Amino acid sequence: MMSGSSPFKMRLVHLDLKGAPPRVCYLSEQTATTIGKGKTERTKEAHNLFIVSRIVFPKKIFPLFRALGANGLLIEYEDMFPYEGHLRLLRAKHAYSPSEIKEILHLATLNELEVIPLVQTFGHMEFVLKHEALAHLREVALFPNTLNPHKAESLALVGAMIDQVMALHPGARWLHIGCDEVYYLGEGEDSRQWLQQEPNTRAELCLSYMEAVASHVQAQHPTTTPLVWDDMLRDIPEDQLSASRVPQLVEPVLWDYGADLDVHSKALLMEKYRKSGFSWLWAASAFKGATGASQALTPIEHHLRNHVQWLQVAGSVPADTLQGIVLTGWQRYDHFSVLCELLPVGIPSLAVCLQVLLHGGFAENVKARVENFLGTSSLEATDFRSERAGSFPGSDILNLITQVSLHLCSSVDALLERDRYVTGWFSPYHRRRKFIHPVMIQHIQPQALSLLARWSVLVGELEAALQRVFYPDAVEEWLEENVRPSLRRLQALLQDLGEAAGARPDSGQDP
């Protein structure tokens, strides 16, 4: 029903589990949540810093994905997969258990969402190559990004990873083997020696390794087709691609997350790939996680424009070209980077993007559909600010993170850097010397205490909401990055005020 109205037969939501992976209960559990009950007076006092609402919602994210128009999931497990045996060291502290993986797949099936697992096998191997026991397999000894393609042990390693993942995904029609951003390829000692021999090239090195990994998939899992990100293929000439076996073995996923992607160039690239022998192509857009490594709120308009332009690309190529589209939702730029927008924060953007793909644009009637799905009456694609974020799973998190992101740092800045009493009578000079006019304590201290108390209450609500959806390490990381620095500034001001109040007020000079 849905696929007939979209040029993309498959519409996959990407779950990037290398950061803030959701608890399985976020996908399935029925939960009633109350936030802000009985705090109306406090909210007025806080000058609208707080959202007050009573929300009761079903924590069922997969049914929402399906209702919005998705029919598949691309699950990038990274270190959340329950690797066994000699691969057990790859597991994160809170890695899913095999039974949880099966539960996720069961829930996906119930909601008619086809699951494609993703296993990185070449670049973005930080979660593997960071381990000392596997560091000898790095392409460049200093960097854990890229696997050395020359060592038989490298292929054995990724083969074992693939086989373990496929054992828990029997019947998967596709397996994504990554292969994007293979940084420093050709710079390792083994590669340098190999490249000195004619006619070896970096492109040939890339193709031969992709072929080796894809051949393993074909041999061990013959009904499964490998997908690869396309960026390492883009600059390889058509005749060189055609001469390799790669076009017969894989389907490339062309990714571009820009709001101003070049439609014509993308169509030409697709034509090159088809002429090279690739039977099917995929597109990849982004609904979050593509506008800044530390982005906290999702700029919906950017992602809306990205999807509108992908529709233009789809309309400019033959109908039998595209297998589908992956709506990526990156959670980290790489294994070592900070968290970008959390999944619940990106849900309104995902809703907009999926509905745009189904209906061909974002007319008023489509906007109304999205608002109905999300339980909100005030969706603004061009603005972060919303008086009520809705009643979808995780909307309480979006509400609270919006308040923190828009107002926490600025409210602390306003007190510490623009308040006339603080800047005029308790500057860094005064604070270092514990020196203050006693009357100024009465001006500054109540403001700081009030601000700290109000934010502490909201942060407590946010921490509780995050704990319901995420594991403790993700909650700790998000708060440490986005909340605690500002609260520490307030606490330090209050501590300095207390120490200055107890110091001898007899000199403003250095002791």
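Asp256 is buried, because its relative accessible area of 18% is under the 20% limit for that class. The model discussed here is a predicted one.

**Asp256 and its surroundings**
- Asp256 is placed in the loop that runs between β8 (251-255) and α11 (263-276).
- Leaving out residues up to four places away in sequence, Asp256 touches Leu261, Lys266, Ala284, Ser285, Asn306 and Trp310.

**Helix α13 and its two partners**
- The axes of helix α3 (residues 61-68) and helix α13 (residues 343-359) come within 9 Å and cross at roughly 30°.
- Angles under 35 degrees count as roughly parallel, and α3 and α13 are therefore roughly parallel to each other.
- On the α3 side the contact involves Ile61, Leu64, Phe65, Ala67 and Leu68, which meet Ile347, Leu350, Ala351, Leu354, Gln355 and Leu358 of α13.
- Sorted by class, the contact of α3 with α13 has 10 nonpolar residues, 1 polar residue and no charged residues.
- With helix α15 (residues 395-418), α13 packs at an angle of about 100°, the axes being 7 Å apart.
- An angle from 65 to 115 degrees counts as roughly perpendicular, so α13 and α15 are roughly perpendicular to each other.
- Pro344, Val345 and Pro348 of α13 make this contact with Ile397, Leu398 and Ile401 of α15.
- The contact of α13 with α15 has 6 nonpolar residues, no polar and no charged ones.

**Helix α20**
- Helix α20 (residues 484-502) has 19 residues, which should span 27 Å at 1.5 Å a residue; the C-alpha atoms at its ends are 27 Å apart, in agreement with that value.
- The buried residues of α20 are Ser486, Leu487, Leu490, Leu493, Leu494, Asp496, Leu497 and Ala500.
- An α-helix has 3.6 residues a turn, so residues three or four places apart point the same way.
- Among the elements that cover the buried residues of α20 are α15, α17 (428-433) and α18 (438-469).

**Nonpolar cores**
- The largest nonpolar core has 147 residues, of which Phe62, Phe65, Ile347 and Trp478 touch the most other members.
- Helix α18 contributes the largest share of this core, 13 residues.
- A second, separate core has 16 residues, including Leu74, Leu227, Trp255 and Ala284.
- Beyond its neighbours within four places in sequence, Phe62 is in contact with Leu15, Leu27, Leu73, Ile104, Leu107, Ala108, Asn111 and Leu113.
- In soluble globular proteins, nonpolar side chains tend to be buried together.

**Backbone features in loops**
- Glu198 and Pro199 are joined by a cis peptide bond, with omega about -5°.
- Pro199 is placed in the loop between α7 (189-195) and α8 (202-220).
- Glu112, a residue other than glycine, has a positive phi near 55°.
- Glu112 lies in the loop between α4 (98-110) and β5 (114-118), and is exposed, with a relative accessible area of 53%.
- Lys434, in the loop between α17 and α18, is a residue other than glycine with a positive phi near 55°.
- Lys434 counts as partly exposed, at 25% relative accessibility.

Notes. Residues are numbered from 1 along each chain as its sequence is written. This is a predicted model: local features need pLDDT of at least 70, side-chain atom pairs count only at pLDDT 80 or more; totals for chains, interfaces and linings use all residues. Side-chain values use heavy atoms; hydrogens and water are left out. Axes are lines fitted to C-alpha atoms, for helices over the stretch in contact, and angles run from 0 to 180 degrees between N-to-C directions. Helices (H or I, at least four residues) and strands (E, at least two) are DSSP runs, numbered from the N terminus. Angles under 35 degrees count as roughly parallel, over 145 as roughly antiparallel, 65 to 115 as roughly perpendicular and the rest as oblique. Contact means heavy atoms within 4.5 Å. Ala, Val, Leu, Ile, Met, Phe, Trp, Tyr, Cys and Pro count as nonpolar, Asp, Glu, Lys and Arg as charged, and the others, Gly among them, as polar. Buried means under 20% relative accessible area, exposed over 50%, partly exposed in between (1.4 Å probe, protein chains only). The expected span of a helix is 1.5 Å times one less than its number of residues. A nonpolar core is a set of buried Ala, Val, Leu, Ile, Met, Phe, Trp, Tyr and Cys residues joined through side-chain atoms within 4.5 Å.
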